[in-house]
Structures are given as C-alpha cells and as structure tokens.
Amino acid sequence: MPYALSAKNRESSLALSDNKRYELFLSKVAEFGEVWSLANEEGWVTVVTDEGENCLPVWPHPDYALDWATGDWADCEPKMIPLDVWLERWTPGLDQDETLLVVFPNLKEQAVLVDPFQLDEDIRAILEQED
C-alpha cells in the first residue's frame, strides 16, 4: 500500500530539480520499500533516449506513474515492485538487459538517468544509514 500523497505534496515534488527528485525517490523507496513503474498486458513500459539507450522509468508512488499513463501508454497501469525483489532480481536483470533507469521523471520528461547498480548502491546507502 503506497503512502498518502496530497495534491500539494505531489505538485511540490514535481517542481523539484532532477537531483532533488532523485533524492526524494531514494528516501521514499527506502522508507516504504516500493518501486513503481508502468506496465500493460504486454509488459513494462520503456523509453529510448536520443542516444538510443533503453530506459525504464521509475517513481516512488503510483500517482506519479499514473500521470504518464496517457497517449501510447493509456492502457498502462502503475505496478509496484517490492524493494527486496528490486534489489535482488531487477538490478542484475536490468543491467544484463543494458537498461538504464529514468528516476522520477516529471511531466516535462526531465529526470536523472542512472545505471541499475548506481541506483542499487544509492538505495543501499540510505538503508544502511537507517539501521
């Protein structure tokens, strides 16, 4: 179950810089143990950068992902990946598939782009701080 997200918090989060949204993503994922993306019956949504790199967009809450479920993605729904599954299976799988992560993109398609192991390392660093 995702955390409560008010419209005001949602709007202020989306107005943050790319790096601040990345930091917010890390803290929320570490706190609530959920990574969200979009999927339909054909699978997970990916985007391709101008350089031709395959990327998976991820968010800390389903409402942010839902904002992207329009146009070509209108048939998509937010899907949650438990953090333990993300760290154990998704990180190595995404790396093997040479898929980067678009972390917490805003509606202007601005976001931090990282490789799976960098995100993994950053999440684990926050989890260790909390212990």
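**Notebook: charged side chains**

I looked up D120 and found it buried, at 8% relative accessible area. I take buried as under 20% relative accessible area, exposed as over 50% and partly exposed as in between (1.4 Å probe, protein chains only). Accessible areas come from the Shrake-Rupley method with a 1.4 Å probe, and for residues only the protein chains shown count as cover.

The model is predicted: local features need pLDDT of at least 70, side-chain atom pairs count only at pLDDT 80 or more, and totals for chains, interfaces and linings use all residues. Residues are numbered from 1 along each chain as its sequence is written, and side-chain values use heavy atoms, with hydrogens and water left out.

**Salt bridges**

I searched the whole structure for salt bridges (a side-chain nitrogen of Lys or Arg within 4 Å of a carboxyl oxygen of Asp or Glu). The search gave four.

D120 meets R124 in a salt bridge, 2.6 Å from N to O. The two residues are four apart in helix 5 (residues 116-130), so about one helical turn separates them. I take helices (H or I, at least four residues) and strands (E, at least two) as DSSP runs, numbered from the N terminus. While D120 is buried, R124 is partly exposed at 37%.

I then went to D18, which forms a salt bridge with R21; the closest N and O atoms are 2.9 Å apart. Both sit in helix 2 (residues 18-32), three residues apart, and are therefore separated by about one helical turn. R21 has a relative accessible area of 0% and so counts as buried. D18 has 26% and is partly exposed.

Which parts of the chain does the R10 and D67 pair tie together? The side chains of R10 and D67 meet in a salt bridge at 2.5 Å, N to O. R10 is in helix 1 (residues 7-14) and D67 is in the loop between helix 3 (62-66) and strand 5 (77-82), so the pair ties together parts 57 residues apart in sequence. R10 is partly exposed at 23%, and D67 is partly exposed at 22%.

**Negative patch**

I also looked at a surface patch. E41, E42, D75 and E77 form a negative one. Patches are made of residues with over 30% relative accessible area and no salt bridge; like charges are joined within 9 Å, and nonpolar side chains (Val, Leu, Ile, Met, Phe, Trp, Tyr) within 5 Å. Lys and Arg count as positive and Asp and Glu as negative, with His and the chain ends not counted. The place of a charge is NZ of Lys, CZ of Arg, CG of Asp or CD of Glu.

I found E42 in the loop between strand 1 (34-40) and strand 2 (43-44). E42 counts as exposed because its relative accessibility is 74%.
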